[in-house]
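Let's take a friendly walk through a protein model.

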Amino acid sequence: MKKILGLDLGTNSIGWALIDQQFENQLGMINGMGARIIPMTQDVLGKFDSGVSISQTAERTGYRSVRRLGQRDLLRRERLHRVLHLLGFLPKHYAASIDFDKHLGQFLPGTEPKIVYRIGDNGKHEFLFMDSFYEMVTDFIKANPELLVDGKKIPHDWTIYYLRKKALTEKISKEEMSWLLINFNQKRGYYQLRGEEDTSDSTKLEEFYTLIVKDVINTGERNKAGFTLYKIVLENDMEFIKPSH
């Protein structure tokens, strides 16, 4: 008797059979058989058929990395909440929605308020730092007196950039400082993740100049998209071509 192992290899399955075969007497016996199915989604199977190898664990590893980043982000926020609460920097409506007894620094179930918006007596959300907002609008008007600045058209959230500049030279409130710190905490690592590390010499100075357009000349030509080509002449006699309707 001769033992023979037969294998049926598929893209996502393996079949096997072990038999005893006696060719002289034309006798045979199956000792065992079975199949092993490899779970594989249709997109992965398609890539495999086209010759692209992919690890089944790669996707799980990616999801696990995302979960870890999310957990670290939440942990940083919770620790910052606890520090700001001890210092008395958090706005009252914001601190009231945070658990400082059991789950330290975490938001209470079903709550996650905005630090700069509170619900007023009329039931509507009110921006907390209106004084700083109006200071910012006033600075806009001073810097550009020829512009008509409408405070209703400027988002309240822009105030954070005004406060970041103001805090470098002037005193701001504790609540405003907590807003800045929480915002920095959320954006931590943003530029590093984009791969835009500054490797240039920190002592190198860059100069920028504002140039005035002296003339715009219609060349009478069109590009492939059908736009008319105009020659832009700057005050330093530099020229470049700009397509336009």
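How much space lies in the largest pocket? About 430 Å³ lies there, in a predicted model where local features need pLDDT of at least 70, side-chain atom pairs count only at pLDDT 80 or more, and totals for chains, interfaces and linings use all residues. Residues are numbered from 1 along each chain as its sequence is written, and side-chain values use heavy atoms, without hydrogens and water.

A pocket here is an open set of points on a 1 Å grid over the protein atoms alone, where a 1.4 Å probe fits, with protein on both sides within 12 Å along at least five of seven lines; lining residues have an atom within 4 Å of a point. The volume is the space filled by probe spheres set on the points, which are joined across faces, edges and corners.

The lining of the largest pocket has 18 residues, and Lys114, Ile115, Trp179, Asn183 and Gln186 lie nearest the centre. Helix H5 (159-166) and helix H6 (174-186) each supply at least two of the lining residues, and H6 gives the largest share, four residues. Helices are DSSP runs of H or I with at least four residues, and strands are runs of E with at least two, numbered from the N terminus.

Here is the lining by class:

| Class | Lining residues |
|---|---|
| Nonpolar (Ala, Val, Leu, Ile, Met, Phe, Trp, Tyr, Cys, Pro) | ten residues |
| Polar (the others, Gly among them) | two residues |
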